[in-house]
Amino acid sequence: AAAAATTTAALPSAGAPAEGGATKRRNDGENAMAELLKRLKQLLATSSAVQIAQDRCAHELVAAQDAAEALKKRCGQQTELLQHLRTVLSQVQQQAAQSQAEAAAAAAA
C-alpha cells in the first residue's frame, strides 16, 4: 500500500513536466501567431502605401499625358502659323517683285 501511494504521489509530479511542455508549446504558438499578426499588419500597411503610390503615379501619368497632348496641339498650331507666315511672306515677295517690275517698266517708258 505504501508503494502504491508512492507511485500515485509520483504521478502528479511526472505529469507536471508534460503540462509545462504543453504550456510552453501553447505560449510558443501564441507568440508565433502574435508575430504573424504583426507581420500581417506590416504587410497591410506596406500594401496600402504601395497602393497610394500607384494611385499617385497613375494621376501623375494622366497629367503628363494631358500635358504632352497640349504640347502636341500647341506645336501643331505653331506649325500651322509658321506655314501661314511662309505663305504670306511668299505673297509679299511676289508683290514686291511685281511692284519693282512695274516701277522699272514705268521708269523705262
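## Overall fold

Leu40 lies in helix α1, which covers residues 2-108, and this helix belongs to a predicted model whose secondary structure comes to one helix and zero strands. Of the 109 residues in the chain, buried residues make up 0%. The chain exposes about 9400 Å², and carbon and sulfur atoms supply 63% of that area.

## Confidence in the model

Across the chain the pLDDT averages 86, and 83% of the residues score at least 70.

## A nonpolar patch

Which residues make the nonpolar surface patch of about 280 Å²? The patch is made by Leu37, Leu40 and Leu44. Leu40, which sits in helix α1, has a relative accessibility of 45% and therefore counts as partly exposed, because the partly exposed class runs between the buried limit of 20% and the exposed limit of 50%.

## A salt bridge along the helix

Side chains of opposite charge can pair when their charged atoms come close. In this chain the count comes to one salt bridge, which Lys24 forms with Asp28, and the closest N and O atoms of this pair are 3.0 Å apart.

How many residues apart are Lys24 and Asp28 in helix α1? They are four residues apart, which means that about one helical turn separates Lys24 and Asp28. The accessibility of the two partners can be stated for each in turn: Lys24 is exposed, because its relative accessible area is 51% and the exposed class begins over 50%, whereas Asp28, at 38% relative accessibility, counts as partly exposed.

Note on methods. Residues numbered from 1 in each chain as written. Predicted model: local features only at pLDDT ≥ 70, side-chain atom pairs only at ≥ 80, totals over all residues. Heavy atoms only, no water. Patch = residues over 30% accessible without salt bridge, like charges linked within 9 Å, V, L, I, M, F, W, Y side chains within 5 Å. Areas by Shrake-Rupley, 256 points an atom, 1.4 Å probe, with all protein chains shown as cover. Salt bridge = Lys/Arg side-chain N within 4 Å of Asp/Glu carboxyl O. Helix = DSSP H or I, 4+ residues; strand = E, 2+ residues; numbered from the N terminus. Buried < 20%, exposed > 50% of the residue type's maximum accessible area, 1.4 Å probe, protein only. pLDDT = per-residue confidence, 0-100.
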